[in-house]
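Biologist: I'd like to learn how to read a fold like this one. Could you walk me through it?

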Amino acid sequence: MARTLAFDSTAVIKKARSLFWAKGFEAASIPELEAATGLSRSSIYNSFGSKRGLFDAAVQSYLNEIVRPRLQPLTTENVDSDALIEYFDGLISIFSQPDALPTSNGCMLINTASSPLSTDSHVSAVVQAYREELESAFSRGIQAFRGDLDSAVQQRLASTVTGLVVAAFALVRIAPEQARTLLEDAKALVISEP
């Protein structure tokens with residue numbers, strides 16, 4: 001008779017997420033994952049199939065609990081006109097706090113995009129879908145804030161803003177001031193685009 005697993009998988013995934021977010025998939029060792037989660041190697045493999053299975057669960061947790069709540073004001077049916085500006089201001093504020101996880105660790109998915117794991121087609125598709133999700137949310141924020149702009153201009157602006165936010169997440173661990181400047185530039189573009 002199979003033994004029932006006696007652990008909180010949500011808590012385990014969050015603990016693994018913290019380790020993967022800080023170190024990346026490749027650098028997070030199985031012994032470190034055992035220590036972080038309190039599970040043995042065999043329990044990790046029995047529950048998640050592999051280290052990679054645990055990483056995939058951590059990525060979904062990151063999207064659902066970190067990324068999407070922050071984007072939520074930009075994805076509601078009726079986007080507030082200031083939602084995108086408030087998104088930028090909130091991220092700039094977070095990037096001003098050295099101990100905040102997005103500041104000290106950057107973005108888990110942007111970090112993954114520059115790692116060897118990015119060559120995996122599933123991971124590449126997840127990262128690309130994340131970028132598209134950002135651009136879609138920013139596009140809705142721009143439509144709400146700058147309804148005066150032609151739709152082609154709005155789309156170009158959304159694409160540019162997405163690039164600046166992605167660059168900010170890529171830089172924040174090593175150059176938080178420059179990352180904040182990129183976000184300020186994105187905000188200024190939205191406000192001042194003729």
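Modeller: Let's begin inside: the residues lining the second largest cavity split into five nonpolar, two polar and one charged. Keep in mind that this is a predicted model.

Biologist: Which residues line the second largest cavity, and what is its volume?

Modeller: The volume is about 40 Å³. The lining is made of Phe55, Asp56, Val59, Leu109, Thr112, His122, Val123 and Val126.

Biologist: Let's step back. What does the whole chain look like?

Modeller: The chain has ten helices and zero strands. Its C-alpha atoms fill a box of roughly 65 × 35 × 30 Å along the principal axes. Of its 194 residues, 43% count as buried. Take the contacts between residues at least 6 apart in sequence: 66% of them join residues at least 24 apart.

Biologist: How should I read a single helix?

Modeller: Start with the general idea. An α-helix has 3.6 residues a turn, so residues three or four places apart point the same way. Now the case here. Helix H10 covers residues 176–192, and at 1.5 Å a residue its 17 residues should span 24 Å; the end C-alpha atoms are 24 Å apart, which agrees.

Biologist: Which residues of H10 are buried?

Modeller: They are Ala179, Leu182, Leu183, Ala186, Lys187 and Val190. Looking down the axis of H10, these buried residues fall within an arc of 135°, so they line one face of the helix. On the other side of H10, Glu177 and Ser192 are exposed.

Biologist: What covers the buried residues of H10?

Modeller: The cover includes helix H5 (83–95), helix H8 (121–145) and helix H9 (151–171).

Biologist: And how do I read one residue at a time? Where does Asp80 lie?

Modeller: Check its element, its accessibility and then its contacts. Asp80 lies in the loop between H4 and H5. Apart from neighbours within four places in sequence, Asp80 contacts Glu86 and Ala144.

Biologist: Is Pro102 buried or exposed?

Modeller: Pro102 is buried, because its relative accessible area is 10% and the cut-off for buried is under 20%. Its place is in helix H6, residues 101–105. Leaving aside neighbours within four places, Pro102 is in contact with Trp21, Arg70, Ile94, Phe95 and Val172.

Biologist: How far is each of these from Arg140 in sequence and in space?

Modeller: Asp80 and Arg140 are 60 residues apart in sequence, with 9.6 Å between their C-alpha atoms. For Pro102 and Arg140 the separation is 38 residues in sequence and 23 Å in space, C-alpha to C-alpha. Read both numbers for each pair.

Note on methods:
Residues numbered from 1 in each chain as written. Predicted model: local features only at pLDDT ≥ 70, side-chain atom pairs only at ≥ 80, totals over all residues. Heavy atoms only, no water. Helix = DSSP H or I, 4+ residues; strand = E, 2+ residues; numbered from the N terminus. Expected span 1.5 Å × (residues − 1). Buried < 20%, exposed > 50% of the residue type's maximum accessible area, 1.4 Å probe, protein only. Arc of directions from axis to C-beta. Contact = heavy atoms within 4.5 Å. 1 Å grid on protein atoms, 1.4 Å probe; cavity = no way out; pocket = protein on both sides within 12 Å on 5 of 7 lines; lining within 4 Å. Points joined across faces, edges and corners; volume = space filled by probe spheres on them. Nonpolar A, V, L, I, M, F, W, Y, C, P; charged D, E, K, R; others polar.
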